[in-house]
Amino acid sequence: MIPDLELVARVTSSNDQAAFQLLVERHQSAIRGFLRRLLTGDYGTADDLAQETFLLAYRKMHTLKSGGSVGAWLHSIAYRQFLQFTRKHARQRVMAETPEQSHDPRHATDAEILVQRLMDFVSPEERACMTLAYSAGMSHPEIVEVTGFPMGTVKSHIQRGKKKLQRWLQDHDHSLPKDKPTNGSGPDQEAQHA
């Protein structure tokens, strides 16, 4: 398997479309999943923002720091696209579009549905930090890189979001595992499968 940074070099040096396509194929699922969580299940908008993310990444590929993580860089672009979208639509409550034809809600698990509903109970900033930590498996320094938040703010958003979710689950007769390490497991562990 060709490393991401080698594919980036091919794209920037010789405009290699096949190399870029490999990068898209490798990262599109994670980016779409991240945006779907941020948008609490709005599949149509998430897919549109994912497409915009990759178009922008293609144009800005030369700005990726040497030795940087392509995944973290793409997540940071996706997060900025999400922020622009929410600012643009701040005055109106965006209603979730009907999922695309290929998405059949009957195939969604109860856990996936619950996670999407729960994400409405935390702020967008908490949602972003928690999704990056638990769904994307990113470390706190990587989340700092993606969001631009200070380290303490990232930790606070994760803790505050977890407490809100734990409180909601307890109030609604559900249970949640107590604090677990941020190694990809935790209150949002079902989200890894999305």
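Biologist: Which residues do ring pairs link into a cluster?

Modeller: Tyr79, Phe82 and Phe149 are the ones joined that way. Bear in mind that this is a predicted model.

Biologist: Thanks. How many aromatic pairs does a search of the whole structure find?

Modeller: The search turns up four aromatic pairs. One of them is Phe20 with Tyr58, an edge-to-face pair with 4.9 Å centre to centre and 65° between the planes. Phe20 sits in helix H2 and Tyr58 in helix H3, so this pair ties together parts that are 38 residues apart in sequence.

Biologist: And Phe20, buried or exposed?

Modeller: Phe20 is buried, at 13% relative accessible area. Tyr58 is partly exposed, with a value of 26%.

Biologist: Back to the cluster, then. What is the geometry of the pair Tyr79 and Phe149?

Modeller: That pair is edge-to-face as well: the rings of Tyr79 and Phe149 are 6.2 Å centre to centre, with 80° between the planes. Tyr79 belongs to helix H4, while Phe149 is in the loop between H7 and H8, so the pair ties together parts that are 70 residues apart in sequence. Both of these residues, Tyr79 and Phe149, are buried.

Biologist: Let's move to the core. Which residues have the most contacts inside the largest nonpolar core?

Modeller: Leu35, Tyr79 and Ile143 have the most contacts there, in a core of 46 residues. At least two residues of this core come from each of H1, H2, H3, H4, H6, H7 and H8.

Biologist: Which helix gives the most to this core?

Modeller: H4 does, with nine residues.

Biologist: You mentioned Ile143. What does Ile143 touch, not counting residues up to four places away in sequence?

Modeller: Ile143 touches Cys129, Leu132, Ala133, Met138, Gly148, Val154 and Ile158 with those neighbours left out.

Biologist: Which residues of helix H7 are buried?

Modeller: In H7, which runs over residues 140–147, the buried ones are Ile143, Val146 and Thr147. They cover an arc of only 80° around the axis, which puts them on the same side of H7.

Biologist: Why do residues three or four places apart point the same way in an α-helix?

Modeller: An α-helix has 3.6 residues a turn, so residues with that spacing point the same way.

Biologist: Good. What do the buried residues of H7 pack against?

Modeller: They pack against H6, H8 and helix H4 (70–88).

Biologist: What happens just after H7?

Modeller: Gly148 follows there, and this glycine takes a positive phi of about 80°.

Biologist: New topic: charges. How many salt bridges does the structure hold?

Modeller: There are six salt bridges in the structure. One of them joins the side chains of Arg26 and Asp4, at 2.6 Å from N to O. The Arg26–Asp4 pair links distant parts of the chain, 22 residues apart, with Arg26 in helix H2 (residues 17–38) and Asp4 in helix H1 (residues 4–14). Asp4 is buried, with a relative accessible area of 18%, whereas Arg26 is partly exposed at 28%.

Biologist: Which residues are linked in a network of salt bridges?

Modeller: Arg32, Arg36 and Asp47 are linked in such a network. Within it, the side chains of Asp47 and Arg32 meet at 3.2 Å, N to O. Asp47 lies in helix H3 (residues 43–60) and Arg32 in helix H2, 15 residues apart, and the pair links distant parts of the chain. Asp47 counts as buried at 11% relative accessibility, and Arg32 as partly exposed at 30%.

Biologist: Where do Glu126 and Arg160 lie?

Modeller: The side chains of Glu126 and Arg160 meet in a salt bridge of 3.6 Å, N to O. Glu126 is in helix H6 (residues 124–135) and Arg160 in helix H8 (residues 151–171), so the pair ties together parts that are 34 residues apart in sequence. Glu126 counts as buried, at 2% relative accessibility, and Arg160 as partly exposed, at 41%.

Biologist: Last one, on H3. How far apart are its end C-alpha atoms?

Modeller: The end C-alpha atoms of H3 are 25 Å apart, which agrees with the 26 Å that its 18 residues should span at 1.5 Å a residue. As for burial, the buried residues of H3 include Tyr43, Leu49, Thr53, Phe54 and Ala57.

Conventions
Residues numbered from 1 in each chain as written. Heavy atoms only, no water. Salt bridge = Lys/Arg side-chain N within 4 Å of Asp/Glu carboxyl O. Helix = DSSP H or I, 4+ residues; strand = E, 2+ residues; numbered from the N terminus. Buried < 20%, exposed > 50% of the residue type's maximum accessible area, 1.4 Å probe, protein only. Arc of directions from axis to C-beta. Contact = heavy atoms within 4.5 Å. Expected span 1.5 Å × (residues − 1). Phe/Tyr/Trp six-rings, centres within 6.5 Å; stacked < 30°, edge-to-face > 60°. Core = buried A, V, L, I, M, F, W, Y, C linked by side-chain atoms within 4.5 Å.
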